[in-house]
Amino acid sequence: MEDIHNRSRNRKGGPPRWKQNQNAPQKWPAKKGAPKKNQELSDANADHESLTAQLGALCASRNLIESPAGIQKRRRVMRDLESMLSAWSDSLLPKGSSTSAATSYAAIVKPPAADEAAAPCLLSFGSYRLGVHTPDADVDCLVLAPPHVNRNNFFSSWVDVLRKEERVSELHPVPSAFTPVIKFEMDSIKIDLIFARVGSSRWLSEQRLAQNVASKTADSDGELKETVEMRVDDTVLIGLDETSVRSVNGVRVAQFLLDMLDEDATRIENFRLTLRAVKEWARVHGLYANVLGFLGGVNWAILVCWVCKRNPNAPPSKLLLLFFRTFAQWRWPQPVLLSKATQPTGVQPLPVWDPKTNFRDAKHLMPIITPCYPPMNSSYNVGEPQIRRLRDELWRASKLCDDICSGTKEWEVLFEGNEFFTQHANYLQVNIIGSNEDEFRAWFGLCEARLRLLVVGLESPATRSYPFAKFFHRRDEEDKYVASFFIALRFAQSAKRVDLGPLCMEYLSVVNSYEGRKGGMDLTMQLVAKKDLPSFVFGEEGAPNSASEEAEATDEKAKDAKTPAPLSGRKKALEETDPSPSADLSPLKRTRIS
């Protein structure tokens, strides 16, 4: 029987592929279409100063950079939210106790007592902490709470505080999530709030006082300048449960990435522009969605940081070229490692990513390892269909960047509409439907979270699936909320007839068993030929043009499930193309969960 621990070994019996030459420079694979040496050096004579300026202007024109007024609004919301948290924490103390002594500037002159309660600390992470958020992006925040506040308080009395606040709307607590979260909007700023309770009031008091000093120097009379957030070192892990460790690690990873750039302002800005471009490229090409088995914000950030650290003086235009060149030919499952995290003193052992001892870790296809203890694979849910698309698109982007740096193309080609909806003959369209906004939100969340089961289930000896990580939101003729998701299908040439029903059964069984399902919650599937695709997938008027948009208005040009709308000129051109060998296969009939 095959040793399950050695499944990642190469065919010649050597060490696992991920372990081979971890520190060796990557080389272009010897395959047709690989760049030649002169192509690899195509950027040698490139005007990177001009190319960087053009890239920055393009990011601004695509609304990827928030205005100063928007930044000020976010900072005020964060400040007010932290004040609310302090008042709420005070209300949970026994009568006669208060956190005011711990948070006042007068208390700085003396060390805090060991039993002195500390106010919660609000820390940001994710795209906002890294400075690469878009104007419509949410703010990921961590509440680092003192020992007298627990998670039950967070999801009960704190939720009540938010519910009574007039500035708060769209409040949705999700205590059962893998990382429990409260989602809401405050002054129209979307916020995802998670929780962790530290084991020592003294530790939090000392760290909070240090932050207050830094924040005081960062404030001005006119504007709120960028707050110097509290640093979270390894000692914060002492006494934390596993859920709190997951919550804290988002802040620690963001902090680590910025620290790797040596706190150099120029290098940080180069990192930010490069990451903005990479994330927008991934959104446009349907590659940005961790929940769907692709890469999310932290994955892309780690990859960009890996390139920036090895090319500290490169401008963003060259960093972007090197990014695509590096990962287009990366030998997965060799992991991407920024550092080797070790167990800190005083911290209890925690589960870590280790393919040598854990057969599940050894089966991961695209390991991108978080740099802080405990090191984990941040891209563990990437499957074969997703990595297939990632490889193809990275390779294509690498060749485009070569052309851009050689002067034969402009940056716009990197972000042009994807060819996904023109390069396959058949597509499975999945429609998630809700009769009202609240029902749709709950139903959509369940169906989205389980879609990876469908993508994997469609893989068989006769079929291959190619998912596109984007939902097309619209309102149908009955004014119902609809979100459509597309998976391209390719069939083996030897296949005469393929029954997709059994391949979809696991996904349908899971979503159909949802206990909270109501009569207005529906899901349909249909096999659509390329020439019959609905017009909204091509970004026509009335449909979303980028993956970051949410379409609220009715899409009058959307194709009805039974009666196709008139074809646009672009779609008519598709009709004239030669069908693939699988185009004559009988389509999957409309599948409805009843």
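1. Helix 11 and helix 12 are roughly perpendicular to each other, a label used for angles of 65 to 115 degrees, with under 35 counted as roughly parallel, over 145 as roughly antiparallel and the rest as oblique. The axes of helix 11 (residues 297-310) and helix 12 (residues 316-328) cross at roughly 110° and come within 9 Å. Here axes are lines fitted to C-alpha atoms, for helices over the stretch in contact, and angles run from 0 to 180 degrees between N-to-C directions. On the helix 11 side the contact is made by W300, L303, V304, W306, V307 and C308, and on the helix 12 side by L319, L322, F323, T326 and F327; contact means heavy atoms within 4.5 Å. By class, 10 of these residues are nonpolar, one is polar and none is charged. For that count, Ala, Val, Leu, Ile, Met, Phe, Trp, Tyr, Cys and Pro are nonpolar, Asp, Glu, Lys and Arg are charged, and the others, Gly among them, are polar.

2. A word on the basis of this note. This is a predicted model, in which local features need pLDDT of at least 70 and side-chain atom pairs count only at pLDDT 80 or more, while totals for chains, interfaces and linings use all residues. Residues are numbered from 1 along each chain as its sequence is written, and side-chain values use heavy atoms, with hydrogens and water left out.

3. Now the overall picture. The protein has 18 helices and 10 strands, taken as DSSP runs (H or I, at least four residues, for helices; E, at least two, for strands) and numbered from the N terminus. Of its 594 residues, 51% count as buried, where buried means under 20% relative accessible area, exposed over 50% and partly exposed in between (1.4 Å probe, protein chains only). Among contacts between residues at least 6 apart in sequence, 74% join residues at least 24 apart.

4. The largest nonpolar core has 121 residues, and L144, W281, W300, F323, F327, L414 and L454 have the most contacts inside it. Such a core is a set of buried Ala, Val, Leu, Ile, Met, Phe, Trp, Tyr and Cys residues joined through side-chain atoms within 4.5 Å. Leaving aside residues up to four places away in sequence, L414 touches W281, H285, L320, F324, A397, L400 and C401. A second, separate core of 27 residues includes L85, L162, V168 and M186.

5. Do look at the five-stranded sheet, which is open, has the order 1-2-5-4-3 and shows mixed pairing. Strand 1 (121-125) and strand 3 (168-174) are at the edges with a single partner strand each, so one side of each lacks a neighbour in the sheet. On average, neighbouring strands are turned by 25° against each other, direction ignored. Two strands pair if DSSP finds at least two bridges between them.

6. Five bridges join strand 4 to strand 5 in the antiparallel sense, and E185 has K190 as its partner in strand 5. Strand 3 and strand 4 (residues 181-186) are also antiparallel, over five bridges; there S169 has E185 as its partner in strand 4. Seven of the nine residues of strand 5 are buried. Helix 9 (residues 242-260) lies across strands 1, 2 (139-145) and 5 (189-197), at about 120° to strand 5.

7. Strand 6 (residues 426-434) is largely enclosed by the rest of the structure, because nine of its nine residues are buried. It pairs antiparallel with strand 8 (residues 481-491) over nine bridges and antiparallel with strand 9 (residues 522-529) over eight bridges. Y427 is bridged to A488 of strand 8, and Q429 to Q526 of strand 9.

8. Most residues other than glycine have a negative phi, and most peptide bonds are trans. The W332 to P333 bond is cis, with omega about 10°, and P333 lies in the loop between helix 12 and helix 13 (359-362). The bond from Y373 to P374 is also cis, with omega near 0°. S188, not a glycine, has a positive phi of about 70° and counts as exposed at 58% relative accessibility. D479 likewise has a positive phi, about 65°, and is partly exposed at 43%.
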